[in-house]
Amino acid sequence: MFYQKNSVEVLNDLDSNLTGLTQEESKLRLEKYGCNALQEKSKTPTWRLFLENFKDPLVIILLIAAMTQVFLGDTVESIIIFTVLVINAVLGVVQTKKAESSLDSLKKLSVPEAKVIRNNQKLTISSQELVPGDIVILEAGDYVPADGRIIESQTLKVIEGMLTGESEPVLKNTDAINEECALGDQKNMVFSGSMVVYGRATFVVTSTGMNTEVGKIADLLETAGNKQTPLQEKLDDFGKKLGIAIVFLAGFIFALEVFRGKDLMNSFMFAIAIAVAAIPEALTSIVTIVLASGTNIMAKKQSIIRKLPAVETLGSTSVICTDKTGTLTQNKMTVVETYLYGSDSDKFNGFEYNKNYDFLNVEDTISSHSNEIAVAGCMLQERYLNLSSILCNDSDVNEEGIEIGDPTEVALINYAQKYDLDYKSIREECLRIAEIPFDSDRKLMTTVNSIDGQNIMFTKGAPDVIFSRCKYAIKCDEILEMSDEILDEYKKVNENFSNRALRVLAFAYKKVSAEFEPTLDDENDLILIGLMAMIDPPREEVFKAVEEAKSSGIKTIMITGDHKTTAAAIAREIGIMEKDDLALTGKELDSLDDTELDSKLERISVYARVSPENKIRIVKAWQKKGKVTAMTGDGVNDAPALKQADIGIGMGSGTEVAKDASAMVLVDDNFATIVNAIEVGRTVYSNIKKSITYLFSGNLGGIISILFAVFAGWANPFTTIQLLFINLVTDSLPAIALGFEKPEKNTMNKPPRDPNESILCKDTLKVVLTRGSIIGIVTILAQYIGMQTSDALGAAMAFSTITLSRIIQTFAARSNSETICSLGFTSNKYALGAVIVCLAMFSTTLLPFMRGIFAIPSVFEIQNLAICFGLAVLATICMEISKLFKR
C-alpha cells in the first residue's frame with residue numbers, strides 16, 4: 001500500500017528516482033508489465049449468438065414442423081415459421097450486443113499522452129508507454145494517465161468522482177498515511193482517468209493498465225454476468241416444460257392414430273397440428289413489443305430504457321441501492337444555517353434591513369438611527385459575516401449561470417444572492433488588495449479588502465483553527481474579549497452542526513493599516529464573526545418517494561463515497577435509516593465475512609466510503625437472498641455493480657461507462673423518478689401476463705378441440721395454416737393491445753412479486769384453464785353442428801368459432817378480476833381497435849379466392865357464420881360471469 005509509505009520509500013520500492021528511468025530500463029519494464037492500456041476478453045461471435053437462439057425446445061419443435069412441411073411440399077407454412085424464428089433470433093442478438101459496450105466507453109477515458117521525466121529530461125510520450133517507476137508531471141487541465149504516489153505537490157486538486165462518486169475536488173498532499181483507508185481518503189495518491197483542476201504535482205507511477213483502479217473496474221465489468229430478468233428466466237423455464245409436454249402429447253396422438261389404423265402421414269400431420277396449436281409462435285415478439293410500449297411511457301417520466309427486459313424487472317424490484325449525491329440530494333452545497341453569538345439569527349438572517357440601510361456603511365447607520373440601535377447593532381455583525389463570505393471567496397457565477405469554483409465557496413455566493421445581495425457589486429466596491437490562498441496545512445484563506453478607505457483582513461476556515469486564532473468576538477454592535485463562555489458556546493454550536501453532518505466554516509476579521517502586507521503570522525488576534533453551516537440538501541420530492549417505496553415493500557439502501565456521518569444524517573432525514581438500522585463504511589464491510597454480512601444485511605441501510613468491490617458484494621448479498629436488486633450510479637466505479645445488479649440505473653449526468661453498463665438511465669438523476677418507473681414496470685409486467693394468459697387460453701382451447709376430435713374419431717378440425725393464421729395474425733394484435741392497459745387499482749400498495757413466481761401461477765393457471773375450456777367447448781359444439789352436414793363444414797365452423805372466440809376474448813382478457821362493464825369498453829382504445837381489425841382480417845378468409853387456402857367449403861354460408869359468432873359471444877359472456885364467481 002504505497003499511500004502508507006513516504007515518497008523516498010516508494011521510490012526505493014519501485015527502483016526509481018527523481019531523475020526518472022532510463023530509456024533502456026523503461027523498455028525492459030514495458031516488456032515485463034505490458035502496455036498501459038485496458039485489455040478486453042474475447043467476445044462471442046455474432047453468428048454463434050444467432051445460432052444460440054435456436055436451442056430453445058419450442059423453437060426446435062417448430063423447426064421440425066417447418067422442415068416436415070417442406071418435405072410434404074407445403075412451403076407457405078414453412079416459410080411463415082422460418083420467418084418468425086429468424087426475426088426472434090435477430091432481436092435476441094441485438095439485445096445481447098447492446099450489453100457489450102461498457103468496456104468500449106471505459107477505454108475512451110485513456111489519456112493519449114503523458115509528460116514524464118526520463119534520463120533527467122522532460123519528455124512527452126504516449127501514455128501506453130508508461131511503466132511503474134516513471135516520474136510524471138501533472139498540471140491543471142491534465143488527466144491522470146496512471147495510478148501513482150505523489151512525491152511533490154503545489155496545491156493539487158483532483159476530481160475523482162468517476163472513482164469515488166463524490167463530485168468535489170480533492171486537495172492532494174505528499175504526507176504518508178499511517179492507517180488503512182478507502183480510496184477516497186488516499187490524499188497522497190492519484191488515479192488513472194481522474195482530472196486535475198488546480199495546481200501542479202509530480203508523481204511516481206505505481207500501477208499501469210489492468211492493475212490500476214480503472215483496470216480493476218474493467219476486470220469487474222468483464223466478469224460481471226449479464227443476468228436474465230425474472231420474466232426471461234420464467235419464460236425460458238416455462239418454454240422447456242411446455243416443449244417437453246408438447247413432444248409427449250404429439251407423440252401420443254401420433255401413436256394413437258397409427259394404432260387406430262389411420263394413414264401414417266395423416267397421423268403425423270395430426271401430431272404436427274397439435275404442436276403448432278400449442279406453441280404461441282409470436283410470444284417473443286409480442287413480449288418485446290409490449291416492453292417497447294413501456295419504454296415510451298417511461299421516457300415521458302424521465303427514464304430512458306436501454307435494455308428492453310429492464311422494464312419488466314423494475315416491476316419486481318424489492319431493493320433499491322441508491323447513490324446519495326445528486327440522486328437523493330441536489331448535488332449542490334447550500335448554506336442552511338448561520339450562527340452569530342448574541343443575535344437572533346432567525347430574525348436577522350433575511351437582510352430585511354437592506355431595503356432601508358446602506359449595507360456597506362452600517363457603522364454610519366448605527367449613529368444616525370440610534371432609536372433602532374438593536375437592529376443596527378446586529379446588522380453590523382451580519383454585515384461582517386456576509387462581507388467575509390463574499391470577499392474571502394474565489395468562486396463566481398458567469399453570465400450563462402455556470403458556477404465556477406469550489407462548491408463550498410459557490411454555496412456562500414448563492415446564499416448572498418438568495419437575499420438579493422449583489423456580490424459582484426460588493427466585490428467591485430471592496431477591492432481585494434492582497435491575499436493568502438487556502439492550503440490544507442493551515443485550513444485557512446485570507447484576503448485584504450479596501451472598504452470605504454479602510455483596509456480589512458477577512459479570514460475563513462475550519463472552526464477549530466479560527467477559534468484558536470481569535471482574541472475577540474462580535475456580539476451585535478460590541479466587540480468583546482474572547483472568553484471561555486463565548487468560546488464554549490461557539491464550540492457547542494459547531495459540534496451540533498457537525499453531528500448533523502453539516503459542513504461548517506468560521507469567519508473572522510481585523511482592521512489593518514494601509515501599508516499592510518499579510519503574512520501567515522498575521523492570521524492571529526482576529527475578531528470572531530460567526531459560523532455558516534452548509535450541506536448538500538435532499539431533493540424535496542425524495543421524502544415522498546422513499547415513503548412510497550417503503551409502502552410498496554421496497555427497501556431503499558444508500559451506498560455512497562461520502563463520509564459515514566454525513567450519509568447517515570441524510571438517510572435519517574429522508575427516512576431511509578430507521579431506529580435500529582446500521583451504517584457501515586467499506587472498511588467495516590470488508591471486516592465482515594459472508595455469514596456475518598448475511599445476518600446483518602437487512603438492518604444495514606447505509607454504506608459509506610465504499611469501493612467498486614464493496615458495491616458488487618452488497619448487490620450479490622441481496623441477490624443471494626432472492627431479492628430483485630436495482631442499483632443506481634453515475635461514475636466509472638459504479639459500472640461493475642450496475643452490470644451485476646438485476647437492473648442497473650445510470651444517471652443522465654453520469655459517465656458514458658456507467659450509462660453503458662446500465663439497463664436504464666435517469667434523465668433527471670432523481671430518485672423519485674425510479675419509484676415512478678417501478679409503477680410503470682409493475683403495470684407492464686401485469687400487462688405481459690394478461691397477454692400471455694390471452695395467448696395460452698386460446699391455444700388451450702385449440703388443443704382441447706383437437707384432442708376431442710381425436711378421441712371422438714372426428715376429422716382434424718384445423719389445418720396448419722389455419723393455426724398459424726390464428727397464432728400469428730388474429731392473436732397478435734389483441735395480445736399487443738393488452739400491453740397498453742392502464743395501471744390497475746392499488747398497483748403501488750402491493751409488495752413486489754416473488755421473482756420465483758411462475759408465469760402461470762395458481763391464479764393465472766385457473767384463468768387459463770377456465771377460458772381455454774370455454775373456448776374449447778364452443779369450438780367442439782360448432783364442429784358438431786357443422787358435421788351434421790359434412791366433415792368439411794364442421795372443420796370450417798370449428799376454425800371460424802375458435803378464431804372469433806379468441807378475438808372477442810380480448811375484452812375479458814383486459815382484467816382477471818374486473819368485468820368489461822366496470823372497465824369500460826373504450827377505456828383501452830387499442831384493444832377495441834385490435835378487435836375491429838382482427839374481425840376484418842378474419843372476414844378475408846371467407847372471400848372466394850381465399851376459401852381454398854383456408855379450407856372453407858362453399859356450403860359455409862351466412863347462417864353458419866352467425867352461429868359461430870353467437871357461440872364466440874357466448875364464450876366471452878361465460879368468461880365475464882366466471883369473474884363474478886371468483887369474487
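Ser 591 first. It is found in the loop between helix 22, residues 586–590, and helix 23, residues 594–600. Its relative accessibility is 54%, and so Ser 591 counts as exposed, the cut-off being over 50%. Keep in mind that this is a predicted model. Now take Phe 811, which is 220 residues from Ser 591 along the chain. The C-alpha atoms of Ser 591 and Phe 811 are separated by 58 Å.

Lys 492 lies in helix 19, residues 484–499. With a relative accessible area of 59%, Lys 492 is exposed. Then Leu 724, in helix 28. Leu 724 has 3% relative accessibility, so this one counts as buried. Leu 724 and Leu 502 are 222 residues apart along the chain, with 67 Å between their C-alpha atoms.

Val 276 takes us to helix 10. Val 276 is among the buried residues of that helix. Helix 10 covers residues 264–278. How far apart are its end C-alpha atoms? They are 22 Å apart. Next, burial. Eleven of the 15 residues are buried, so helix 10 is largely enclosed by the rest of the structure. Among those buried are Ser 267, Met 269 and Phe 270. The buried list also includes Ile 272, Ile 274, Ala 277 and Ala 278. For background, an α-helix has 3.6 residues a turn, so residues three or four places apart point the same way.

On to the aromatics. The structure holds 14 aromatic pairs. Here is one of them: Tyr 384 and Tyr 509. The ring centres are 4.1 Å apart and the planes meet at 15°, so the pair is stacked, the cut-off being under 30 degrees. This pair links distant parts of the chain. Tyr 384 sits in helix 15, residues 373–391, and Tyr 509 in strand 18, residues 503–512. They are 125 residues apart. Are these two tyrosines buried or exposed? Tyr 384 and Tyr 509 are both buried.

Compare another pair, Trp 714 with Tyr 784. Here the centres are 6.3 Å apart and the planes are at 25°, so this pair is stacked too. Trp 714 lies in the loop between helix 27, residues 671–712, and helix 28, residues 720–730. Tyr 784 belongs to helix 30, residues 762–787. So the pair ties together parts that are 70 residues apart in sequence. Trp 714, at 16% relative accessibility, counts as buried. Tyr 784, at 44%, counts as partly exposed.

There is also an aromatic cluster. Tyr 339, Tyr 341, Phe 467 and Tyr 490 form it.

Charges over rings next. Tyr 384 comes back here. The charged end of Arg 383 sits over the ring of Tyr 384, 5.1 Å from the ring centre. Elsewhere, Lys 157 has its charged end over the ring of Tyr 198. That distance to the ring centre is 5.8 Å.

Now cavities. How many cavities of 30 Å³ or more are there? The count comes to one. The largest cavity holds about 30 Å³ of space. Ten residues line it. Closest to its centre are Asp 323, Ile 559, Thr 560, Lys 615 and Asp 638. Strand 20, residues 555–560, supplies at least two residues of that lining, and so does strand 23, residues 629–633. What is the lining made of, by class? Two residues are nonpolar, five are polar and three are charged.

Last item, backbone angles. Two asparagines have a positive phi although neither is a glycine. For Asn 120 the angle is about 65°. Asn 120 is found in the loop between strand 1, residues 113–118, and strand 2, residues 121–126. At 56% relative accessibility, Asn 120 counts as exposed. For Asn 331 the phi is about 55°. Asn 331 lies in the loop between strand 9, residues 319–322, and strand 10, residues 334–339. Its relative accessibility is 41%, so Asn 331 counts as partly exposed.

Terms used. Residues are numbered from 1 along each chain as its sequence is written. This is a predicted model: local features need pLDDT of at least 70, side-chain atom pairs count only at pLDDT 80 or more; totals for chains, interfaces and linings use all residues. Side-chain values use heavy atoms; hydrogens and water are left out. Helices (H or I, at least four residues) and strands (E, at least two) are DSSP runs, numbered from the N terminus. Buried means under 20% relative accessible area, exposed over 50%, partly exposed in between (1.4 Å probe, protein chains only). On a 1 Å grid over the protein atoms alone, a cavity is a set of points where a 1.4 Å probe fits but cannot get out, and a pocket is an open set with protein on both sides within 12 Å along at least five of seven lines; lining residues have an atom within 4 Å of a point. Grid points are joined across faces, edges and corners, and a volume is the space filled by probe spheres set on the points. Ala, Val, Leu, Ile, Met, Phe, Trp, Tyr, Cys and Pro count as nonpolar, Asp, Glu, Lys and Arg as charged, and the others, Gly among them, as polar. The expected span of a helix is 1.5 Å times one less than its number of residues. Rings of Phe, Tyr and Trp (its six-membered ring) pair if their centres lie within 6.5 Å; planes under 30 degrees apart count as stacked, over 60 as edge-to-face and the rest as tilted. A charge sits over a ring if NZ of Lys or CZ of Arg is within 6 Å of the ring centre and within 35 degrees of the ring normal.
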